[in-house]
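Me: I'd like to talk through this model with you, starting with its pockets and then moving on to the sheet and the backbone.
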Amino acid sequence: MPHYLLPVPDTGHCVALRAYATPGPTRASVVIGGALGVRQHFYAEFAHWLAEQGYRVTTFDYRGQGDSRQGPLREVRADLHDWARDYEAVIAHAKALSPGSPLFLLGHSLGAQLPGLLREPCKVDGLLCIAAGSGYWRDCTPTVQWAAPWFWHVLVPLATGACGYFPGRRLRKVGDIPAGVMLQWRRWCLHPRYSVGAEGEAAARSYAAIRFPVHALSIRDDELMTCHGTQQLIDFYANAPRCVERIAPEDVPTRHIGHFGFFRPAFAGSLWLRAAQVLAAWAAGN
């Protein structure tokens, strides 16, 4: 698949893209927004499969991550608003390549949160959320809640201050993340209203400006996110048509799905097919 660097307007930064072309007519464009600390390569098999279903798919790495990383991570100046600008640049690029087709976002975790901060949501026709939620620590699973005080109040400030970025790979937590992103995400996760609360009225208005449909697939055995947390996030999109669909391992059937398992090729005939059905309904105007 073609991969190249896309300049992000007015920033001096580029993001790395990979494009997956459909072998036949394009039903719609799909931009996959990745989870925090997850490289776009993680979504490659799913993106290739989705392209075979008739969708022109684009994946990307946020600045400072994966193939978009330029120079030492401690020198990357980026926060979550900058990552939203990266997302916007990719959306605009994908829309320009197929201007007559609908454009949908498939957001995994953080990739379903950032669309609420888009400045031009009119380019988007739908958001399919995978294993996504508000991120506020009390909305997460009991295991996450137990570890949260130590993680947010001790590990993150100390490690980020010492290294100039969050060294998640060495700590086996999240991944290597730019300092600005990690410290802003910390503020989000410590606020009961997550991004909307931490960023104030401007963020609330931004989420409320979304009018495209939002459909969330909530994974029952997600080790990070609860259904309540998913509903909290979806309700930030207060003026959008929205719904949460609960999926349990026994529905597939399988023993475990979890926060990352949706993208395993073993689920091509079940979970992937369910996602494609949602996109197909939107592409048909339903």
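Me: How much space lies in the second largest pocket?
Reply: This is a predicted model, and in it the second largest pocket holds about 240 Å³ of space. Its lining has 13 residues, and those closest to its centre are Arg85, Glu88, Ala89, Arg119 and Glu120.
Me: How many of the lining residues of the largest pocket are nonpolar, polar and charged?
Reply: The lining of the largest pocket has 21 nonpolar residues, along with seven polar and three charged ones.
Me: Back to Val174 for a second, what is its phi?
Reply: Phi of Val174 is near 70 degrees, which is a positive value in a residue other than glycine. Val174 sits in the loop between helix H5 (168-171) and strand E8 (176-178), and because its relative accessibility is 37%, Val174 counts as partly exposed.
Me: Then there's Ser109: where does it lie, and is it buried or exposed?
Reply: Ser109 is in the loop between E5 and H3, and it counts as buried because its relative accessibility is 15%, under the 20% cut-off. Ser109 also has a positive phi, near 55 degrees, in a residue other than glycine.
Me: Switching to the sheet, what is the strand order?
Reply: The order is E1-E2-E4-E3-E5-E6-E9-E10, in an open sheet of eight strands with mixed pairing. Strand E1 (3-8) and strand E10 (242-247) stand at the edges, and because each has a single partner strand, one side of each is left without a neighbour in the sheet. From one strand to the next, the twist averages 25 degrees.
Me: In which sense do E6 and E9 pair?
Reply: Strand E6 (residues 126-130) pairs with strand E9 (residues 214-219) in the parallel sense, over four bridges.
Me: Which strands does H2 lie across, and which does H10 lie across?
Reply: H2, the helix that gives five residues to the lining of the second largest pocket, lies across E1, strand E2 (13-20), strand E3 (28-33), strand E4 (55-60) and strand E5 (103-108), and runs at about 115 degrees to E1. H10 lies across E3, E4, E5, E6, E9 and E10, running at about 165 degrees to E6.
Me: What kind of peptide bond joins Val252 and Pro253?
Reply: Val252 and Pro253 are joined by a cis peptide bond, with omega about -5 degrees, and Pro253 has its place in the loop between E10 and H10.
Me: Last one, where is Asn286 found?
Reply: Asn286 is in the segment after helix H10 (271-283), and it is exposed, with a relative accessible area of 69%. The C-alpha atoms of Asn286 and Ala276, which are ten residues apart along the chain, are separated by 14 Å.

How values were computed. Residues numbered from 1 in each chain as written. Predicted model: local features only at pLDDT ≥ 70, side-chain atom pairs only at ≥ 80, totals over all residues. Heavy atoms only, no water. Nonpolar A, V, L, I, M, F, W, Y, C, P; charged D, E, K, R; others polar. 1 Å grid on protein atoms, 1.4 Å probe; cavity = no way out; pocket = protein on both sides within 12 Å on 5 of 7 lines; lining within 4 Å. Points joined across faces, edges and corners; volume = space filled by probe spheres on them. Helix = DSSP H or I, 4+ residues; strand = E, 2+ residues; numbered from the N terminus. Buried < 20%, exposed > 50% of the residue type's maximum accessible area, 1.4 Å probe, protein only. Pairing = 2+ DSSP bridges. Axes fitted to C-alpha atoms, helices over the stretch in contact; angles between N-to-C directions. Contact = heavy atoms within 4.5 Å.
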